[in-house]
Amino acid sequence: MNSKKENTPELQISLDEKDMGILKLLQKDAKMTIRDIARQLNLSTTPVYERIRKMEQAGVIKQYAAIVDPKKIDKGLTVLCYITLKEHNKKYGRKFIQEIISFTEVTECLNISGEFDFMIKVQVKDMDEYREFYVNKLGELDNLSHTQSIFVISVIKATHQVVY
């Protein structure tokens with residue numbers, strides 16, 4: 001769950017080595033207890049708790065999540081789909097984004113530069129399910145000019161950890 005409350009302004013904070021150490025440990029294991037973090041960093045529990053709370057409030061820590069293997073839940077086909085829009089204004093861009101984020105098959109959407117405007121990552125069971133998504137959802141969007149689908153053969157590296 002997202003620890004940041006909806007209308008709460010994010011604080012601006014500067015991070016020191018202790019904060020970075022906490023982040024490194026939490027990125028590896030978000031279920032790690034404050035006591036274990038404190039022990040590994042040679043700190044007491046109260047400052048660790050306060051630092052984590054401050055980083056949550058500042059939006060440095062956005063959420064805690066389980067990393068699920070898509071194959072284990074019958075979503076073994078990953079497709080990267082590059083998209084170019086016909087119209088490039090706020091109205092059409094906002095409408096496209098609202099529609100894309102409503103699709104449960106889309107796990108990521110990036111606004112990119114270059115030949116295409118967006119790249120979406122789609123997780124589906126198989127080619128039949130992707131075809132269904134492509135024809136009946138993506139293909140029904142009004143403002144699409146061009147798409148290109150790239151099918152992932154294997155994942156060489158996938159991480160959620162930000163290295164610093």
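User: How many positive and negative side chains does the chain have, and how far apart do the centres of the two sets lie?

Analyst: Lys and Arg count as positive and Asp and Glu as negative, with His and the chain ends not counted. The place of a charge is NZ of Lys, CZ of Arg, CG of Asp or CD of Glu. In this chain there are 25 positive and 23 negative side chains, and the centres of the two sets lie 6 Å apart. The model is predicted: local features need pLDDT of at least 70, side-chain atom pairs count only at pLDDT 80 or more, and totals for chains, interfaces and linings use all residues. Residues are numbered from 1 along each chain as its sequence is written, and side-chain values use heavy atoms, leaving out hydrogens and water.

User: Which secondary structure elements does the chain contain, from the N terminus on?

Analyst: Helices (H or I, at least four residues) and strands (E, at least two) are DSSP runs, numbered from the N terminus. Here there are five helices and four strands, in the order α-α-α-β-α-β-β-α-β.

User: What radius of gyration does the chain have, against that of a compact globule?

Analyst: The radius is taken over C-alpha atoms, and the globule rule is 2.2 Å times the number of residues to the power 0.38. For 164 residues a compact globule would have a value near 15 Å, whereas the chain has 20 Å. Its C-alpha atoms fill a box of roughly 55 × 35 × 25 Å along the principal axes.

User: Where do the domains lie?

Analyst: Domain bounds come from an automatic or database domain assignment. That assignment gives domain 1 (17-58) and domain 2 (70-151), and their C-alpha centres lie 37 Å apart.
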